Amino acid sequence: MPNNPEITETILILGGTKEAADLARELVAARPEARIITSLAGRTKEPAPVAGETRIGGFGGVEGLARYLRETGVTRLIDATHPFARQISANAVQAARIAGVPHENRTRKPWARQPGDNWVEVETLEQARDTIPPRARVLLALGSQYIGLFASRDDVHFVVRMIDPPKTPLELPDHALVLGRPGDTPAAETMLLIAHKVTHIVCRNSGGTAAYAKIEAARELGLPVIMVGRS
Ligand code: NAP
C-alpha cells in the first residue's frame, strides 16, 4: 500500500532514457491519483525535465532498492532503463521480489538490420575498436566511460559527441568533440557525418528511437556501422 492513503498507487520508474520520460508523462496524465517517481542515476549534470517526481542517485544495491521500495510504499516498479544498464535491471528484479512489488520490464528491443544497412556486427567494444580500418574517420557514438578504450587507435580520427563537456581531456590522440544531444532527424545526423567526413560509425545496439537517426543517416550515405550487440 502507498504510505499516503490519498494516493492509490506509487509507481517507481527506473529511468534515464527517453522512453522512461515519455512513460512518466503518460502516467502522470493518465493517473492523477497516483504518485509517479522517476529514478535517475545522476550521470547527466542537467537531465532533461521529467513529469512527476524525480529522485537522483544510486540506491545502494539490491538491499538499498528493496528498502526504498518498502519505505516509499511503491506499488509497481517499471524498469525503463537503457538496455545496456544491466546492473540496475538485475537489481530491480531481485529487489522487487524481496519487497513483494510487481516488476515490469520495459527496456527497449534491439534494432534489427534493415535493407540498405551496412553493419559489421561485433560482440564487444574491444572487437569494435579492432575492426576499425586504418585511417578511418569514426563517429564514436558511445558514453564517455567507453571512450578511453579507443585511445590506442592513433591512426584513426574520432568524432565524439557528448551531452556534457568531459571533466578531463579525452584520451584520444586525434579527435573532434561535438557537444550536444544526438540529432533527432536523419537529416541532422547526415549533416554532422558529412561535415566531419565520417567514414564509419561505432555504436551499441541500443534500440529505441532516440539514437536511431544516425543509423538511418548511415544507411542513406552507405556508411558502415560497427555495431556492438548485447551479449
Ligand atoms: P548500471 O551499470 O546498470 O548501474 C550501475 C549502478 O548505478 C546501479 O547499481 C545503481 O546504483 C545505479 N543506477 C543505475 N541506474 C539507476 C537509476 N535509473 N536510478 C538510480 N540508480 C541507478 O547503469 P548504467 O549503465 O551506469 O546507467 C545509468 C543510468 O543511465 C540508467 O538510468 C540508464 O537508463 C541510463 N543510461 C545508460 C546508458 C548505458 O549505455 N548504459 C545509456 C543511456 C542512459 P546502486 O546499486 O547504488 O543502486
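These legends go with close-up views of a predicted model. Residue numbers start from 1 along each chain as its sequence is written, and side-chain values use heavy atoms, with hydrogens and water left out. Because the model is predicted, local features need pLDDT of at least 70 and side-chain atom pairs count only at pLDDT 80 or more, while totals for chains, interfaces and linings use all residues.

View 1. At the meeting point, 10 residues of domain 1 touch 10 residues of domain 2, where a contact is heavy atoms within 4.5 Å. Together the two domains bury about 720 Å², with 51% of that on carbon and sulfur atoms. Buried area here is the accessible area (1.4 Å probe) that two parts lose on being put together, summed over both. What holds for polar pairs across this boundary? There are 2 residue pairs in polar contact between the domains, both partners at pLDDT 80 or more, and 0 salt bridges. A polar contact is a pair of N or O atoms within 3.5 Å; within protein, one must be able to donate a hydrogen and the other to accept it, and residues adjacent in sequence count only if both atoms are side-chain atoms.

**View 2. The five-stranded sheet.** Here 5 strands make an open sheet in the order S3-S2-S1-S4-S5, with parallel pairing. Strands (E, at least two residues) and helices (H or I, at least four) are DSSP runs, numbered from the N terminus, and two strands pair if DSSP finds at least two bridges between them. S3 (53-56) and S5 (103-105) are the edge strands, each pairing on one side only. From one strand to the next, the twist averages 20°. Strand S4 (residues 76-79) is joined to S5 by 3 bridges, and Ile78 stands opposite Glu104 in S5.

View 3. H1 lies across S1 (9-14), S2 (34-40) and S4, running at about 165° to S1. Axes are lines fitted to C-alpha atoms, for helices over the stretch in contact, and angles run from 0 to 180 degrees between N-to-C directions. Within H1 (residues 18-30), Lys18 and Asp22 are about one helical turn apart because they are 4 residues apart. Lys18 forms a salt bridge with Asp22, with the closest N and O atoms 3.0 Å apart. The structure holds 13 salt bridges, each being a side-chain nitrogen of Lys or Arg within 4 Å of a carboxyl oxygen of Asp or Glu.

**View 4. The six-stranded sheet.** This open sheet has 6 strands in the order S6-S11-S10-S7-S8-S9, paired in parallel. Its edge strands are S6 (119-122) and S9 (175-179), each pairing on one side only. S6 and S11 (residues 225-228) pair over 4 bridges, and Val122 has Val228 as its bridge partner in S11. Helix H6 (residues 213-221) packs on the sheet, touching S6, S7, S8, S10 and S11, and makes about 150° with S10.
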